[in-house]
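Thanks for coming, everyone. Today I would like to walk through how the parts of one model meet, taking one boundary and then another.

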Amino acid sequence: MSLDLYRELRESLATGQPRVLATVADTRGSTPRKAGAQMLLRPDGSFSGTIGGGCGEAEVWQEAMETMADGQPRTVVVDLTEPVDGDDKICGGVMRVFVERIG
Amino acid sequence: MQDASPGSTAVALVDAIEAALAGGPPVAVATVVTGGAASLAAGAKLLVRADGRTLGSLGSAEANEALREIAVAAFTAMPRIVTGTWYLADGAATDRPSQAVEGAAEVMLQLFEAPARLVIVGAGHVGLALATMAELLGYETTVLDDRVEFANRERFPMAHRILVEEVGAALDSLTLDASTAVVLVSRGHRVDEEALRHAVGRGAGYVGMIGSRRRTRTVLDHLAAEGYPAAALEAVSTPVGLDIGAETPEEIAVSILAEMTMVRRGGTGTRMSQNRSADSPT
C-alpha cells in the first residue's frame with residue numbers, strides 16, 4: 001500500500017492507461033502478507049508491489065491478467081494449505097484477494 | 001468503472017489516497033467485493049473523510065450510510081484497522097463472517113494514512129535510541145528539547161523535525177491524532193510532567209512517560225488534582241514500555257517501541273511461545 005503505487009495509478013489514469021489493482025481483502029491462518037497488501041499490474045504483465053511473493057502471487061497474476069482483458073472484478077481465493085507439485089508451502093493459510101481494473 | 005463512479009470520481013479518489021499517504025488528511029475507502037442480494041456492483045467505491053464527507057457511491061444510500069459510519073469510527077480506533085471486511089444486509093453491518101446473513105453484500109474497508117508519527121520529548125540517550133530504532137520501524141519522528149546541544153541535526157540526522165523550544169509550547173504546535181505516539185523521556189520528571197499537561201487528552205494514539213512507579217504516580221496525582229480527566233490520565237502508558245528487563249537506553253527503546261506496536265496493532269504482549277497450544281490447527 002505504498003505511495004509509489006498510487007502515484008503510478010494517478011499517472012496511468014491521467015494518460016488513459018489501464019491498471020489492475022489486487023488487494024488482499026482478508027486472510028486466515030499464516031499468510032505472507034496481511035489484509036491491505038496491494039499489487040499493481042500493467043498491461044504488459046509487469047507489476048509493482050507484492051501480495052506475498054511466491055506464495056500464491058502467480059495465481060493472482062493469472063486472474064489479474066484476465067481482469068485486465070475483460071474489466072470484470074474478481075475475488076481470488078489463494079489456498080496455501082495444500083501442497084501442490086511438491087511446492088514447499090511454508091505459508092499455510094488462506095487469503096482472499098480482490099482484483100479490479102482501474103481506468 | 002461503474003455508473004455511480006465515473007472516471008472523474010476515480011481520479012479524485014486516487015488523488016485523495018495519494019495525498020493521504022503523502023501526509024495529507026487520512027481517508028478511508030470502501031469497495032464492494034461481492035454485491036450480494038442488494039446487487040451492488042463489485043468494484044464500486046465510497047471514499048470517506050474523517051469529518052464524514054464522502055465521494056463516490058457503493059450503489060445504495062443505505063450501504064453508503066452504513067459504511068460512512070463505520071469508516072468515521074475507524075479513524076480514531078485503536079488498534080489501527082488498516083483493512084477489514086464488512087458484511088451488509090438489510091441496513092445492518094457486521095465484520096464477523098459467522099454473523100453474516102445469506103446474501104449479504106461484502107465490502108472491504110481500507111484506511112489510508114501517512115506513516116505513523118512519533119513525537120519524542122527529550123533528546124538524551126533514550127530519545128536518541130528511540131529515534132534511531134523508530135526510523136527502522138517507519139515512523140516519522142519529531143524530536144523536542146529546549147537544549148540545542150542535544151536537539152540538533154548532527155545528533156538526530158534521522159529525525160523528520162527537530163524543535164528546540166520550551167516543550168509545552170512545542171507540543172501545542174503539533175497535531176496529535178490516533179496515528180501519533182508521544183513519548184516523554186526528557187532530562188527530568190519536572191519537564192516530563194509539564195510535557196504531559198500538553199500531551200494528555202489531545203487525541204494521540206499513545207502517550208508514554210518514562211519514570212519509576214513512584215515518580216510517575218506523583219505526576220499523575222498532580223495532574224488529577226489540577227483537573228485533568230481521570231480517563232485520559234489512566235490511558236497514559238507510565239511507567240512506559242513492556243516489562244522485558246530493559247536496562248540500557250537501547251533496551252528501553254525496544255521496550256517502548258514494543259509497547260507502541262502492541263497498542264497500534266492490538267497485540268497482547270505475551271510470549272508467542274506461550275500461545276503455542278492455543279493455536280488452532282489450519
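Across the interface of chain A and chain B, in what is a predicted model, the rule finds seven residue pairs in polar contact, both residues being at pLDDT 80 or more; a polar contact is a pair of N or O atoms within 3.5 Å, where within protein one must be able to donate a hydrogen and the other to accept it, and residues adjacent in sequence count only if both atoms are side-chain atoms. On the side of chain A that touches chain B, α1 (3-14), β1 (19-28) and β5 (94-102) each supply at least two residues, and α1(A) gives the largest share, six residues. Helices (H or I, at least four residues) and strands (E, at least two) are DSSP runs, numbered from the N terminus.

There are also four salt bridges between chain A and chain B, each a side-chain nitrogen of Lys or Arg within 4 Å of a carboxyl oxygen of Asp or Glu. One of them joins A:Arg96 to B:Glu106, with the closest N and O atoms 2.1 Å apart.

A note on conventions: residues are numbered from 1 along each chain as its sequence is written, and chains are lettered from A and ligands numbered from 1 in the order written. Local features need pLDDT of at least 70, side-chain atom pairs count only at pLDDT 80 or more, and totals for chains, interfaces and linings use all residues, while side-chain values use heavy atoms, leaving out hydrogens and water.
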